[in-house]
Amino acid sequence: MAEKKYDLIAIGRACIDLNAVEYNRPMEETVTFTKYVGGSPANIAIGASKLGLSCGFIGKVPDDQHGRFITGFMKDAGIDTSNMVVDQSGKKTGLAFTEILSPEECSILMYRDEVADLYLDTDEISEEYIKEAKNIVVSGTGLAQSPSREAVLKAVSLAKKNDVKVIFELDYRPYTWKNSEEVSVYYSIVAEQADVVIGTRDEFDMLENIEGGKNEETVAYLFQHAPELIVIKHGVEGSYAYTKAGEVIRGTAYKSNVLKTFGAGDSYAAAFIYALIQGKTIQEALQYGSASAAIVVSKHSSSEAMPTVVEIEALMKEQA
């Protein structure tokens, strides 16, 4: 079998983060914001590329300055952008303004109406491209609206057909979803087909359309389907990985000088996936994910703050 060109191809949103420069104050009083590339799948690809994986990206950006900024940044990060489609219908980039009231209190104000990434179409998904990947990373937000929803479902179906592993990062954001029933329907469709599912306990509750869900019940349901590995994150309590063979592995959280809370999930996923691809144990992969998240929450950006392997391993050693 020919060696695959990409360790992973991520699909979904690539947008702009405008992070508050002034900390510990409400957005009403914030005057300055710094522009970064954002969006969960884009951040995961950027993080994984920085760790040395070969990455591609499937998405749609506008034909304007923001779109060119995103594509240029991702190209410079070493990501193949040949399947990033440029929208020709006047759609805009999604914007996320962040507020850093305190390390514990961060909020995000999103502009997601009529955004280019949700207009990725089924005919813009190339089977030849997906075939070149060992893994595809799908983020839940890409399922929020048609035609992006169908494009993502097509990518998952082509991955399954071509023996490409599907990693589903739940990435729940309330914007653009109509109701929780809808979230549960489309999350379930993808989760049941995925090989690996990663999310917070709250996100798994959205998938199952329940409140206060139990990990044991979640994994019992999903292991009736395709998943081989499920990672459920519990914030400072750490994370739990469940394998179909019945193993339960706990990962602990690392101490960090927290500046903000956003960006943690994407950096966690990038490092966790990197460690798995490198053949490390699930226990080690959980620790790589936690260490990576601890580094990103101590920095101002999400995408540019993605750590290197050296930085992750230094933190793991320091807090061993």
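The axes of helix 9 (residues 282–296) and helix 10 (residues 309–318) come within 9 Å of each other and cross at roughly 100°. The model is predicted: local features need pLDDT of at least 70, side-chain atom pairs count only at pLDDT 80 or more, and totals for chains, interfaces and linings use all residues. Residues are numbered from 1 along each chain as its sequence is written, and side-chain values use heavy atoms, with hydrogens and water left out.

**Helix pair**

- Axes are lines fitted to C-alpha atoms, for helices over the stretch in contact, and angles run from 0 to 180 degrees between N-to-C directions.
- Helices (H or I, at least four residues) and strands (E, at least two) are DSSP runs, numbered from the N terminus.
- On the helix 9 side, E284, Q287, Y288, A291, S292, A294 and I295 meet E311, I312, E313, L315 and M316 of helix 10; contact means heavy atoms within 4.5 Å.

- Nine strands form an open sheet with mixed pairing, in the order 5-4-1-8-9-10-11-12-13; two strands pair if DSSP finds at least two bridges between them.
- Strand 5 (80–87) and strand 13 (248–251) are the edge strands, each pairing on one side only.
- From one strand to the next, the twist averages 15°.
- Strand 4 (residues 55–62) and strand 5 run parallel and are joined by six bridges; V61 has V86 in strand 5 as its bridge partner.
- Helix 6 (residues 201–208) packs on the sheet, touching strand 9 (165–169), strand 10 (196–200) and strand 11 (229–233), and its direction makes about 115° with that of strand 10.
- Helix 7 (residues 215–222) also packs on the sheet, where it touches strand 11 and strand 12 (239–243); its direction makes about 155° with that of strand 11.

- Strand 10 runs parallel to strand 11 and is joined to it by five bridges, with L229 in strand 11 as the bridge partner of V196.
- Strand 11 and strand 12 pair in the antiparallel sense over five bridges, and K233 has S239 in strand 12 as its bridge partner.
- The hairpin of strand 11 and strand 12 has five residues between the strands, and G235 there takes a positive phi near 60°.

**Aromatic rings and charges**

- A search of the whole structure finds eight aromatic pairs; rings of Phe, Tyr and Trp (its six-membered ring) pair if their centres lie within 6.5 Å, with planes under 30 degrees apart counted as stacked, over 60 as edge-to-face and the rest as tilted.
- One of these is the edge-to-face pair of F33 and F97, at 5.3 Å centre to centre with 90° between the planes.
- F33 lies in strand 3 (residues 33–38) and F97 in strand 6 (residues 95–100), so the pair ties together parts that are 64 residues apart in sequence.
- F33, F97 and Y111 form one aromatic cluster, and F33 is partly exposed, with a relative accessible area of 24%.
- The charged end of K91 sits over the ring of Y119, 4.4 Å from its centre, and R149 lies over the face of Y186 at 3.9 Å from the ring centre; the criterion is NZ of Lys or CZ of Arg within 6 Å of the ring centre and within 35 degrees of the ring normal.

Key. Buried < 20%, exposed > 50% of the residue type's maximum accessible area, 1.4 Å probe, protein only.
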